[in-house]
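Biologist: Could you take me through one part of this model in detail? I would like a close look at the aromatic rings and what surrounds them.

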Amino acid sequence: MRKRCTSIARGILPVTAVVLGLAVLAGDASVNATETFRALKGAEIRNLFTGMEFTDEVHWVLLFGRNGTLTNTGMGRKTQGRWQVKRDDLCLDRAPGEQRCYAVLHSGKTYRLQERGFDIYEEGIVQRPSRH
């Protein structure tokens, strides 16, 4: 003679499976939501940015010339400046006498320029220059 599951037992198994499945998915989503960024060293920064552009792909583009020139194009305006690497920082002179230095952080295809001691950063991708 075979025993049959009670209706309570039959109801608990599917609910338990759904709850466990949602817990696994929620755990996976939280892992993906937190990106791990690695700080680049001076030589890595120089090799990455020379002759390339850093952009948010919508509003602005910074073009890093091989000779240290910096072309900043944003919201229909184009300005010239200079760039250089000092120790492990990328230093930008966007306007005369206004040099700012940034740590360069990297995760996947995303790069961040972040002034040390501040939580504010510029985030974008580095790519070969496009035609402007």
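Modeller: Happy to! Contact here means heavy atoms within 4.5 Å. This is a predicted model, in which local features need pLDDT of at least 70 and side-chain atom pairs count only at pLDDT 80 or more, while totals for chains, interfaces and linings use all residues. Residues are numbered from 1 along each chain as its sequence is written, and side-chain values use heavy atoms, with hydrogens and water left out.

Now the rings. The structure holds 4 aromatic pairs; rings of Phe, Tyr and Trp (its six-membered ring) pair if their centres lie within 6.5 Å, and planes under 30 degrees apart count as stacked, over 60 as edge-to-face and the rest as tilted. Phe49 and Phe64 have ring centres 4.7 Å apart and planes at 55°, so this pair is tilted. Phe49 belongs to helix α2 (residues 42–49) and Phe64 to strand β3 (residues 60–64), so the pair ties together parts 15 residues apart in sequence; helices (H or I, at least four residues) and strands (E, at least two) are DSSP runs, numbered from the N terminus. Phe49 and Phe64 are both buried, meaning under 20% relative accessible area, with exposed over 50% and partly exposed in between (1.4 Å probe, protein chains only). Another tilted pair is Phe54 with Trp60, at 5.1 Å centre to centre and 55° between the planes, and both of these residues, Phe54 and Trp60, are buried too. Phe49, Phe54, Trp60, Phe64 and Trp83 form one aromatic cluster.

Turning to Asp89, this residue is in contact with Ile45, Gln84, Cys101, Tyr102, Ala103 and Arg116, leaving aside neighbours within four places in sequence.
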